[in-house]
Amino acid sequence: MKTSKWIEKNIPSLEGKTVAISGATGGIGKELCRHLAALGASLVLLDRNPEKSLALKKTLQKDFPALGVKNITLDLEDIDSVRSVAESLLQDPPDALILNAGAYHIPRHKCSTGFDNVFQINFVSPYYLARTLLPKIQERGGRIVAVGSIAHTYSSANFSDIDFSLVTKSSKAYGNAKRYLMFSLFGLDEYGKTVVVAHPGITFTNITAHYPRLIFAIIKHPMKVIFMRPARACLSILYGLVTECGKNEWIGPKFFKVWGLPRRQRLSTCSDEEAAQICAIAEEIYDQSDLFAE
Ligand SMILES: NC(=O)c1ccc[n+]([C@@H]2O[C@H](COP(=O)([O-])OP(=O)(O)OC[C@H]3O[C@@H](n4cnc5c(N)ncnc54)[C@H](OP(=O)(O)O)[C@@H]3O)[C@@H](O)[C@H]2O)c1
């Protein structure tokens, strides 16, 4: 089925709704914004690079002249920026928040919170936003959709190295952070009425372009052909805005979690004990977040 037909059949109009989305300037983010704009939503773009974010606003408004767009700068590595964005969203809450920004193979360092930046970007900061905004979004009958990844299966949590700062392999550090994000959020909203986890499978974006140059040159074009394009891969995230998930369920592509249209799927990749410990750690970090304020 064509992407536009599927959207027409499965996603109601978002006229009058406001959707805030992090990482809007990324490969998946841009395509999501286009779908959301076509559905009539107003957008709040939460991006770390204001120039890129404003350029995106301009492009979107060229194609959708009636589109309402607000830009807010959000650097997920910086807890002060995250707190300030949370405060601003609390003043004027969106109907939905899409926690889409993420980072995989990046130079590693410790953030002001003491956590590894991959852990901070993919887990600590998005959890802070979700946790802070959840009551307001619940009040509005809205949704928080967090973007997870199949990489969360690459390893289990190690409670003596929570942020995997001792692990050099990017795939594991990224997978661990996504694991924390996904299972901590399940703990926040056990019945999946407000918080939903979705994933795109694999799609060719900047985040998938982390291979050594030669390998990348060889695989780049086949990857574009083999995997779904971002405009289609992001349908799972869009579907998360209108689909309730039960405990330990997520939304992703139907076939082998990589191809096809979105489907709600059961997750059995984390034991109840590990998930409970992840939730407890998430809350502990959240409670300490004020201590990191400058
Ligand atoms: N592509 C895939 O196959 C795949 C698979 C599973 C899950 N995902 C998830 O999908 C989401 C979107 O990724 P993508 O594929 O669209 O990758 P992408 O093109 O690299 O986009 C990532 C987005 O996150 C933003 N970002 C990175 N670090 C940030 C920071 N410190 N503060 C604020 N924003 C930051 C980037 O900002 P800039 O635009 O300024 O760089 C970009 O907008 C991510 O959560 C990713 O983990 C992707």
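This is a predicted model: local features need pLDDT of at least 70, side-chain atom pairs count only at pLDDT 80 or more; totals for chains, interfaces and linings use all residues.
## The nonpolar core

The largest nonpolar core of the model holds 78 residues, and Ile21 and Val145 touch the most other members of it. Helix α5 (residues 117-139) supplies the largest share of this core, with eleven residues.

The surroundings of Val145 can be listed. Apart from its neighbours within four places in sequence, Val145 is in contact with Ala96, Ile98, Leu99, Val196, Ala198, Ile237, Gly240 and Leu241.

## Ala20 in strand β1

Ala20 is found in strand β1. This residue counts as buried because it has 28 C-beta neighbours inside 10 Å, where 20 or more are needed. Not counting residues up to four places away in sequence, Ala20 touches Val44, Leu46, Leu89, Pro94 and Leu97.

One distance places Ala20 relative to a residue elsewhere in the chain. Ala20 and Leu185 are 165 residues apart in sequence, and their C-alpha atoms are 18 Å apart in space.

## Helix α3

Helix α3 runs over residues 50-63. Its 14 residues should span 20 Å at 1.5 Å a residue, and the end C-alpha atoms are 20 Å apart, so the two values agree.

Ser53, Leu56, Lys57 and Leu60 are the buried residues of α3. They lie on the same side of α3 because they cover an arc of only 105 degrees around the axis. An α-helix has 3.6 residues a turn, so residues three or four places apart point the same way. The buried residues of α3 pack against α2, β2 and β3. The face turned away from the buried side of α3 carries the exposed residues Glu51, Ala55, Lys58 and Lys62.

## Helix α4

Helix α4 covers residues 79-91. With 13 residues at 1.5 Å each, α4 should span 18 Å, which agrees with the 18 Å between its end C-alpha atoms.

Within α4, the residues Ile79, Val82, Val85 and Leu89 are buried. Their arc around the axis is only 120 degrees, so they sit on the same side of α4. These buried residues pack against the strands β1 (18-22), β2 (42-47) and β3 (69-73), and also against α5.

## Helix α10

Helix α10 has 17 residues, numbered 272-288. From its first C-alpha to its last, α10 reaches 24 Å, close to the 24 Å expected at 1.5 Å a residue.

In α10 the buried residues are Ala275, Ile278, Ala282 and Ile285. They are on the same side of α10 because their arc around the axis is only 85 degrees. Helices α5 and α6 (170-188) are included in what covers these buried residues. Turned away from the buried side of α10 is a face with the exposed residues Asp272, Glu273, Ala280, Glu284, Asp287 and Gln288. For one of these, Glu273, the count is 8 C-beta neighbours inside 10 Å, so Glu273 is classed as exposed. The C-alpha atoms of Glu273 and His152 are separated by 16 Å, and the two residues are 121 residues apart along the chain.

## The ligand shell

The ligand is surrounded by 29 residues, of which Gly23, Gly26, Ile28, Gly102 and Thr205 are the closest. Helix α2 (residues 27-38) gives the most to this shell, with three residues. By type, the shell around the ligand divides into ten nonpolar, 14 polar and five charged residues.

## The loop between β7 and β8

Most residues other than glycine have a negative phi. Two residues of this loop have a positive value instead. Phe256 lies in the loop between β7 (249-255) and β8 (259-266), and its phi is near 50 degrees, a positive value in a residue other than glycine. Lys257 is found in the loop between β7 and β8, with a positive phi near 60 degrees.

Are these residues buried or exposed? Phe256 counts as exposed because it has 10 C-beta neighbours inside 10 Å. Lys257 has 19 such neighbours, and therefore counts as partly exposed.

Notes: Residues are numbered from 1 along each chain as its sequence is written. A nonpolar core is a set of buried Ala, Val, Leu, Ile, Met, Phe, Trp, Tyr and Cys residues joined through C-beta atoms within 7 Å. A residue is buried if 20 or more other C-beta atoms lie within 10 Å of its own, exposed if 12 or fewer, and partly exposed in between; C-beta atoms are placed from the backbone. Helices (H or I, at least four residues) and strands (E, at least two) are DSSP runs, numbered from the N terminus. Two residues are in contact if their C-beta atoms, placed from the backbone, lie within 7 Å. The expected span of a helix is 1.5 Å times one less than its number of residues. The arc is that of the directions from the helix axis to the C-beta atoms. A residue is near a molecule or strand if its C-beta atom, placed from the backbone, lies within 6 Å of it. Ala, Val, Leu, Ile, Met, Phe, Trp, Tyr, Cys and Pro count as nonpolar, Asp, Glu, Lys and Arg as charged, and the others, Gly among them, as polar.
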